[in-house]
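Biologist: Please show me the model, and then we can go through it by question and answer.

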Amino acid sequence: DAAYKYHIPWIYGACVGSYGISYAFIPGKSPCFHCLLETVPAGGLTCDTAGIISPAVQMVVAYQVAEALKILVEDWSSLRNKLVSFDLWKNQHAAIRVDQVKKEDCPTCGAHPSYPYLSYDHQTKTAVLCGRNSVQIRPAGQR
């Protein structure tokens, strides 16, 4: 919500096991994280339960840095505009267009945003993961 409220691009990246995912959220152009989470199924694995291989981290970071450089030099036409997911162990790779998941009534990126996840009622909870200063952030209430 903060990225959309203040019009700051946010490049999401996550990985666990040999799986990784990356997407550049561009306020005013792309669907927000809230829209994506209602569409993309969330897995329950963590690096604590499944571990992680270094190449998955490096791949996610490479996607994030490449998109960040495009944003920094304002080469908007070169942005990927797709959600990228991969599983290095299974040799799978997908780039999925997600613009259709943007909802006109979304409280974050819709026509009349209220940014609910910035409110006191939606304060987040955290949990330490892997014992290495990693933190998982979970919404306080049900969606």
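What follows is a set of questions about the sheet, the helix packed on it, the aromatic rings and some single residues.

Modeller: Before we start, this is a predicted model, in which local features need pLDDT of at least 70, side-chain atom pairs count only at pLDDT 80 or more, and totals for chains, interfaces and linings use all residues. Residues are numbered from 1 along each chain as its sequence is written, and side-chain values use heavy atoms, with hydrogens and water left out.

Biologist: In what order do the four strands of the open sheet lie?

Modeller: Strands are DSSP runs of E with at least two residues, helices are runs of H or I with at least four, and both are numbered from the N terminus. Two strands pair if DSSP finds at least two bridges between them. The pairing in this open sheet is antiparallel, and the order is β1-β2-β3-β4.

Biologist: Which strands stand at the edges, and why is one side of each left without a neighbour?

Modeller: Each edge strand has a single partner strand, so one of its sides has no neighbour in the sheet; the edge strands are β1 and β4.

Biologist: How many bridges join β1 to β2?

Modeller: In the hairpin of these strands, two residues lie between β1 and β2, and Gly17 has a positive phi near 60°. Val16 stands opposite Tyr19 in β2. The two strands run antiparallel, and the number of bridges joining them is seven.

Biologist: Which residue in β3 is the bridge partner of Ile21?

Modeller: Strand β2, residues 19-25, pairs with β3 in the antiparallel sense over four bridges. Ser22 stands opposite Val84 in β3. For Ile21, the bridge partner in β3 is Ser85.

Biologist: How many of the seven residues of β2 are buried?

Modeller: Buried means under 20% relative accessible area, exposed means over 50%, and partly exposed is in between, using a 1.4 Å probe and protein chains only. By that rule β2 is mostly covered, and the number of its residues that are buried is six.

Biologist: At what angle to β1 does α4 run?

Modeller: Contact means heavy atoms within 4.5 Å. Helix α4 lies across β1, β2, β3 and β4, and its angle to β1 is about 175°.

Biologist: Is Glu67 buried or exposed?

Modeller: Glu67 lies in helix α4, residues 54-72. Leaving aside neighbours within four places in sequence, Glu67 is in contact with Ile11, Ala24, Leu79 and Arg80. Its relative accessibility is 1%, so Glu67 counts as buried.

Biologist: With which side chain does the side chain of Glu67 make a polar contact?

Modeller: A polar contact is a pair of N or O atoms within 3.5 Å; within protein, one must be able to donate a hydrogen and the other to accept it, and residues adjacent in sequence count only if both atoms are side-chain atoms. The distance here is 2.6 Å, and the partner is Lys70.

Biologist: Of what kind is the aromatic pair of Phe25 and Phe33?

Modeller: Rings of Phe, Tyr and Trp (its six-membered ring) pair if their centres lie within 6.5 Å; planes under 30 degrees apart count as stacked, over 60 as edge-to-face and the rest as tilted. The count by this rule comes to seven aromatic pairs. Phe25 and Phe33 are 5.8 Å centre to centre with 80° between the planes, and the pair is edge-to-face.

Biologist: Why is the pair of Tyr63 and Phe86 tilted?

Modeller: The ring centres of Tyr63 and Phe86 are 6.3 Å apart and the planes are at 35°, so the pair is tilted. This pair links distant parts of the chain, from Tyr63 in helix α4 to Phe86 in strand β3, with a separation of 23 residues.

Biologist: Which residue lies over the face of Trp76?

Modeller: Trp76 is in the loop between α4 and β3 (83-87), and with a relative accessible area of 35% Trp76 is partly exposed. A charge sits over a ring if NZ of Lys or CZ of Arg is within 6 Å of the ring centre and within 35 degrees of the ring normal. At 5.6 Å from the ring centre of Trp76, the residue over the face is Lys29.

Notes. Axes fitted to C-alpha atoms, helices over the stretch in contact; angles between N-to-C directions.
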